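Dear colleague,

I am passing on the structure we spoke about, and I would be glad if you could look through it with the notes below beside you.

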Amino acid sequence: MTLEPAEPDEPAGPSESAGPSEPDDPHSDLLAVLPRLTQLSAAFNKGRLTERAAEAAGLALDRPAMGVLVTLRTADQPLRIGEIADRMQVVGPHVTRQVQALEKRGLVRRVADPHDRRASLIEPTAAGMEAANRYVTSLLGWFAEALADWPRQDREDLTRLLNRLADDVTARLARFDAEE
């Protein structure tokens, strides 16, 4: 596929370079992605999506606490603090503080690690699972409304491609961290 350069509204000045939109640029197809990622991030933050979902679910929890609870909800088993941190892409001390706050509220509990008696695992309580389910239901309802007019195949493609993007970006960033 050949990319045709867009017709400029005004001629380029002498100090302007051809830039990344040139057809010879191997990354020209990605140039349009960057502002869209920024737009999505800003829309989620400005729209307070996670806060609205927590409010709709009747939860007075901040974003990091909800992140821990949802991470535990989506896990197939209780997790160590480090595993929660890895899945959330944050450092352990942040998770430790959130787990302690969630424990005080009766939303998570520590259980013995069957493979290492010195370690404990974190799992949601029944109340924590119910809270996480209400939150996830609220979020999924919002996304379902946003994508209601999309054909099923487009929604499946979005899911597949977002999973692939998240996995590839996470793996590449992990390699950067390992090199440091």
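**Helix α2 and what follows**

The 14 residues of α2 should span 20 Å at 1.5 Å a residue, and because the C-alpha atoms at its ends are 20 Å apart, the model agrees with that expectation. Please keep in mind throughout that this is a predicted model. Just after α2, arginine 48 takes a positive phi of about 50°. Glutamine 89 also has a positive phi, near 60°, although it is a residue other than glycine; its place is in the loop between α5 (81-88) and α6 (92-104), and with a relative accessibility of 55% glutamine 89 counts as exposed.

**A nonpolar patch on the surface**

Leu30, Val33, Leu34, Leu37, Leu162, Leu165, Val169, Leu173 and Phe176 together form a nonpolar surface patch with about 790 Å² of accessible area. The elements that contribute two or more residues to the patch are α2 (33-46) and α8 (152-179), and α8 gives the most, with five residues.

**Salt bridges**

The side chains of arginine 63 and glutamate 51 meet in one of them, at 3.1 Å from N to O. This pair links distant parts of the chain, since arginine 63 is in helix α4 (residues 63-74) and glutamate 51 is in helix α3 (residues 49-56), twelve residues apart. Arginine 63 is partly exposed, with a relative accessible area of 40%, and glutamate 51 is likewise partly exposed, at 28%.

Aspartate 116 forms a salt bridge with arginine 80, in which the closest N and O atoms are 3.7 Å apart. Aspartate 116 lies in strand β2 (residues 116-124) and arginine 80 in the loop between α4 and α5, so the pair ties together parts that are 36 residues apart in sequence. Aspartate 116 is buried, with a relative accessible area of 18%, whereas arginine 80 counts as partly exposed at 33%.

Glutamate 123 forms a salt bridge with arginine 109, the closest N and O atoms being 2.7 Å apart. Because glutamate 123 lies in strand β2 and arginine 109 in strand β1 (residues 108-113), this pair ties together parts that are 14 residues apart in sequence. Glutamate 123 counts as buried, at 18% relative accessibility, while arginine 109 is partly exposed, at 39%. Finally, salt bridges that share partners join Arg80, Asp113, Asp116 and Arg118 into one network.

With best wishes

Notes. Residues are numbered from 1 along each chain as its sequence is written. This is a predicted model: local features need pLDDT of at least 70, side-chain atom pairs count only at pLDDT 80 or more; totals for chains, interfaces and linings use all residues. Side-chain values use heavy atoms; hydrogens and water are left out. Patches are made of residues with over 30% relative accessible area and no salt bridge: like charges are joined within 9 Å, nonpolar side chains (Val, Leu, Ile, Met, Phe, Trp, Tyr) within 5 Å. Accessible areas come from the Shrake-Rupley method with a 1.4 Å probe; for residues, only the protein chains shown count as cover. A salt bridge is a side-chain nitrogen of Lys or Arg within 4 Å of a carboxyl oxygen of Asp or Glu. Helices (H or I, at least four residues) and strands (E, at least two) are DSSP runs, numbered from the N terminus. The expected span of a helix is 1.5 Å times one less than its number of residues. Buried means under 20% relative accessible area, exposed over 50%, partly exposed in between (1.4 Å probe, protein chains only).
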